[in-house]
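Dear colleague,

I am handing over the structure we spoke of, and I would be glad if you could look through it alongside the notes below.

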Amino acid sequence: MNHTRTLYIPFDHLHRDYGIIRDAKKGSDVILFVESERMRTGRNWHPERLFFLISSARHFVKVLQDEGFTVEYLKAPTTKAGILEMQKRHPQSALHATRQSSFRLQTTLEELGAQFVENDFFLTPRALFEEWALRQKNYLMENFYREQRKRLDVLMENGKPVGGAWNFDKENRLPPPKEYRWPEYKGFDRDAIDESVAKELGITANRTWATTRAGALQQLKTFITKHFAQFGPYEDAMALDSWTLHHSVISPYINNGLLHPSEVLDAAVKAFASGKIPIESAEGFVRQVIGWREYINGMYWHLGADYREKNGLHAKRALLPLFTSSEKTEMNCVRSIVHDVEERAWVHHIPRLMVLSNLALITGTNPQQFLEWMRERFIDASEWVMVPNVIGMGVHADGGQMMTKPYAAGGAYISRMSQYCKSCIYDPKLRVGENACPFTTLYWDFLDRNKELFAKNHRMFQQVNGLKRLSDLPELRERAKEVLSGLDKGEI
Ligand code: SF4
């Protein structure tokens with residue numbers, strides 16, 4: 001059959017009702033997927049991530065074929081090579097796509113002459129975010145979030161926020177509870193497609209991640225019925241006896257298209273309306289979906305393609321060995337968290353921000369090396385997520401363009417919010433001596449190293465001023481050198 005349109009579908013647009021595929025026509029369109037060799041072997045991708053992305057795409061192909069569509073699933077050295085191959089096979093067929101989710105892929109498709117429909121895998125059109133960003137003096141997420149609440153009419157009553165406040169962060173900072181039974185994470189059955197992808201990748205398919213829309217919907221339902229009510233209070237807690245806690249664990253599915261954010265939002269709002277969900281949990285979750293996620297995507301496009309190269313703190317340290325092997329550290333928090341990443345390619349936002357990124361920040365690790373590590377190791381690490389999250393939020397490499405102050409913290413924060421410190425060889429309260437917690441030592445050393453720069457930042461004044469109270473600063477500087485050297489060798 002002569003096809004007049006080729007619809008290119010990347011591996012993160014796997015939803016039947018959104019993007020270019022929504023209006024696909026069975027007779028005249030051919031749907032193209034390209035599994036590129038570069039995607040599989042170009043970098044040190046986490047096997048779980050590869051398995052999840054490829055198996056989800058192949059399941060989606062099956063859905064489309066069962067519906068009667070003509071689908072081409074090409075394996076090629078690069079995405080570009082695959083599309084060129086397709087153009088050779090169907091020279092009369094015009095290339096169409098949804099606007100892509102990264103600068104690189106968007107540019108590639110533009111060079112290949114694609115025609116685009118808007119990217120509706122988010123709740124905020126890019127032009128609308130841009131209009132917001134251009135009105136801002138600084139890009140406070142809270143301001144964006146409040147506009148989103150009003151614009152989308154979510155948790156609003158007569159023009160005011162439900163519950164009388166825009167956020168319930170104070171209620172949502174509880175440490176993990178003692179002797180608590182977290183609901184068990186059941187995982188997902190595997191089918192022949194999963195097995196064949198796992199075999200090609202040389203791994204054994206485990207039950208951790210869903211690779212179908214049915215599985216993703218099941219996980220959303222599990223969150224709503226079993227976790228949502230307690231989500232808020234414990235959203236920042238880090239536990240040793242549960243890897244999910246009360247988190248939804250649906251970010252991989254929203255980011256690859258198996259779920260659309262509007263479906264997640266509708267489910268959350270409906271559950272809240274039933275009266276069983278406290279406002280602090282409802283608001284905390286809605287903030288993630290309509291606030292943070294949309295804000296980060298908007299900022300990715302607003303800040304431009306060069307933003308990922310920023311290094312405002314001139315951080316030069318090579319990626320620490322502990323990031324590539326959890327065996328290379330004695331720090332209980334880092335070892336446990338990196339081990340969890342090795343197992344499942346996922347930990348929630350607080351270990352990512354306040355342990356892993358915090359460590360990269362206060363050790364002066366090169367932002368681009370850390371960014372590449374985060375991109376490779378996390379299951380949900382789309383380019384648009386990781387660039388602003390790491391460069392702007394995690395390691396403050398943009399000189400404060402996105403966040404007004406760095407998220408630097410010592411061991412006290414980790415001790416308060418987790419169960420790691422009790423069984424650690426280091427003491428979060430000590431900043432000098434061989435038992436001193438590396439986070440505590442390096443936190444003060446980081447402020448000391450950057451005090452002139454931060455002196456101009458009124459939000460950092462109190463923290464930097466705290467240095468004056470340290471009678472042991474010379475000793476601390478010496479201990480910091482030992483810690484950094486030990487971390488470089490993988491011995492701390
Ligand atoms: Fe981590 Fe320091 Fe606590 Fe050890 S004492 S678990 S290194 S925060």
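Predicted model: local features only at pLDDT ≥ 70, side-chain atom pairs only at ≥ 80, totals over all residues.

Along its principal axes the C-alpha trace spans about 80 × 55 × 45 Å, and 59% of the 492 residues count as buried. Among contacts with a separation of 6 or more, 72% come from residues 24 or more positions apart.

The second largest pocket has a volume of about 850 Å³. It is lined by 38 residues, of which Arg-49, Ser-102, Arg-104, Leu-105 and Arg-375 are the closest to its centre. Two or more lining residues come from each of β2 (29-36), α1 (37-41), α2 (47-67), α4 (103-111), α9 (251-256) and α16 (383-394), and α2 gives the most, with four residues. By class, this lining has 19 nonpolar, ten polar and nine charged residues.

As for the ligand, the residues around it include Met-331, Asn-332, Cys-333, Gly-411, Ile-414 and Tyr-420, and also Cys-421, Cys-424, Tyr-426, Pro-428 and Cys-437. The elements that give two or more residues to this shell are α13 (332-344) and α17 (411-417). The shell divides into nine nonpolar and two polar residues, with no charged residue, whereas the lining of the second largest pocket has nine charged residues.

With best wishes

Notes
Residues numbered from 1 in each chain as written. Heavy atoms only, no water. 1 Å grid on protein atoms, 1.4 Å probe; cavity = no way out; pocket = protein on both sides within 12 Å on 5 of 7 lines; lining within 4 Å. Points joined across faces, edges and corners; volume = space filled by probe spheres on them. Nonpolar A, V, L, I, M, F, W, Y, C, P; charged D, E, K, R; others polar. Near = heavy atom within 4 Å. Buried < 20%, exposed > 50% of the residue type's maximum accessible area, 1.4 Å probe, protein only. Contact = heavy atoms within 4.5 Å.
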